Amino acid sequence: MGKVTVNIHGRDYLISGNKTESEIKRIANRVDEEMERIAEASPMTSRADVAVLAALHIVESIVDSENSIKEAENNKLEAEAKAAESKIKDYEEKIKELQNKVNEYENNFFDLQMENIKLKDEIERLK
């Protein structure tokens with residue numbers, strides 16, 4: 001954490017914070033560029049109004065970025081949910097197929113038991 005002198009809209013400011021010097025300068029440069037853009041577009045606007053308008057524009061871009069991130073996250077979550085739903089449907093189909101096989105095997109087993117009983121009865125009659 002250090003102190004950095006930056007020039008924003010013609011004035012020097014001593015800034016200290018948790019960012020690196022290059023990060024602080026990059027942030028200050030963004031503010032300076034925004035204030036210069038607004039001052040050029042509205043030369044009669046006071047320095048304070050230019051600063052407020054710059055802050056509004058910068059925060060607007062931050063909010064737009066946050067909204068874009070949230071939208072991307074929501075889209076990702078929706079895609080993951082759809083993929084999970086698809087897998088669940090696939091598993092449900094597999095379960096149905098397996099249940100049908102189990103039922104088929106149970107029926108075959110029952111048929112074999114009945115045939116076994118008939119054969120035992122026939123063997124007893126033949127004795």
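Biologist: What makes the residues of helix 1 and helix 2 count as meeting?

Modeller: Contact means heavy atoms within 4.5 Å. R30, V31, E34, M35, R37, I38 and A39 in helix 1 meet R47, V50, A51, L53, A54, H57, I58 and S61 in helix 2. The residues of this contact divide into nine nonpolar, two polar and four charged. Ala, Val, Leu, Ile, Met, Phe, Trp, Tyr, Cys and Pro count as nonpolar, Asp, Glu, Lys and Arg as charged, and the others, Gly among them, as polar. This is a predicted model: local features need pLDDT of at least 70, side-chain atom pairs count only at pLDDT 80 or more, and totals for chains, interfaces and linings use all residues. Residues are numbered from 1 along each chain as its sequence is written, and side-chain values use heavy atoms, without hydrogens and water.

Biologist: Why are helix 1 and helix 2 called oblique to each other?

Modeller: Their axes, lines fitted to C-alpha atoms over the stretch in contact, with angles from 0 to 180 degrees between N-to-C directions, cross at roughly 120 degrees. Under 35 degrees is roughly parallel, over 145 roughly antiparallel, 65 to 115 roughly perpendicular, and the rest oblique. So the two helices are oblique.

Biologist: Why is E85 called partly exposed?

Modeller: E85 is in helix 2. Its relative accessible area is 48%. Buried means under 20%, exposed over 50%, partly exposed in between (1.4 Å probe, protein chains only). Therefore E85 is partly exposed.

Biologist: Which residues does V50 contact, leaving aside its neighbours within four places in sequence?

Modeller: H9, M35, I38, A39 and T45.

Definitions and conventions. Helix = DSSP H or I, 4+ residues; strand = E, 2+ residues; numbered from the N terminus.
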